[in-house]
Amino acid sequence: NNVLDFARIERGEEKYNFQQCDLVTVVRETADTYRPHLEANGFQFACELPDAPVFVNGDRDALAQVVVNLLSNAEKYSDTRKEIALQLRPQALPLPHIAVTVLDRGMGVPKGREEKIFEQFYRAHDSLSNGIQGSGLGLTLARQIARAHNGEVVYEPREGGGSCFTLRLPVMASPKSE
């Protein structure tokens, strides 16, 4: 699916259905769908979401795909420390936005490759010999979707080991009444 989605974006055929959506609901539903898979594979999965809705102008399915791609990567690269956390928090800097963060205790990204991991087909580790499946497009797609939503996906190493990937999106100033 990532390959097909990537091809559509590259051809300019990807159309997003932008509308007011509650990002908390999108992330919660995605986490609830993914949780049984993670737990069946021995993962501790913590999900920290606010109670109040956070509205963004976005395509629900595309934003859910970003979260799935980030969770999938956290799972694939977790190695033996099977801990994943998913958080959604408002942030003030550099500009006010909402941050959806996926943290793992995996291998992390080798120094100097922090931006290369977002390039198409790039894999930071010798994943094929390690038996880690994937096309090398998940992070490329996640970033493209985020940018189409006037946002970004960024990586930073997690303190204590692992990775921290964050989807940053602008928050709607005031939700439209329905």
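This is a predicted model: local features need pLDDT of at least 70, side-chain atom pairs count only at pLDDT 80 or more; totals for chains, interfaces and linings use all residues.
View 1. Residues are numbered from 1 along each chain as its sequence is written, and side-chain values use heavy atoms, with hydrogens and water left out. A pocket is an open set of points, on a 1 Å grid over the protein atoms alone, where a 1.4 Å probe fits, with protein on both sides within 12 Å along at least five of seven lines, and lining residues have an atom within 4 Å of a point; a volume is the space filled by probe spheres set on the points, which are joined across faces, edges and corners. Of the 13 lining residues, Q91, A99, T101, E156 and T166 are the closest to the pocket centre. Two or more residues each come from β4 (83-91), β5 (97-104), β6 (152-157) and β7 (163-169), strands being DSSP runs of E of at least two residues and helices runs of H or I of at least four, numbered from the N terminus. The largest share, 4 residues, is given by β5.

**View 2. Helix α3 (residues 60-76) and helix α4 (residues 138-148) have axes that come within 9 Å and cross at roughly 150 degrees.** Axes are lines fitted to C-alpha atoms over the stretch in contact, and angles run from 0 to 180 degrees between N-to-C directions. The two helices α3 and α4 are therefore roughly antiparallel to each other, a term for angles over 145 degrees. The contact (heavy atoms within 4.5 Å) is made by A62, Q65, V66, N69, L70 and N73 of α3 and by G138, L139, L141, A142 and I145 of α4.

**View 3. The axes of helix α2 (residues 23-40) and α3 come within 10 Å and cross at roughly 40 degrees.** Residues of α2 that make this contact include L23, V26, T30, Y34 and L38, and among their partners in α3 are R60, L63, V67, L71 and E75.

Methods
Angles under 35 degrees count as roughly parallel, over 145 as roughly antiparallel, 65 to 115 as roughly perpendicular and the rest as oblique.
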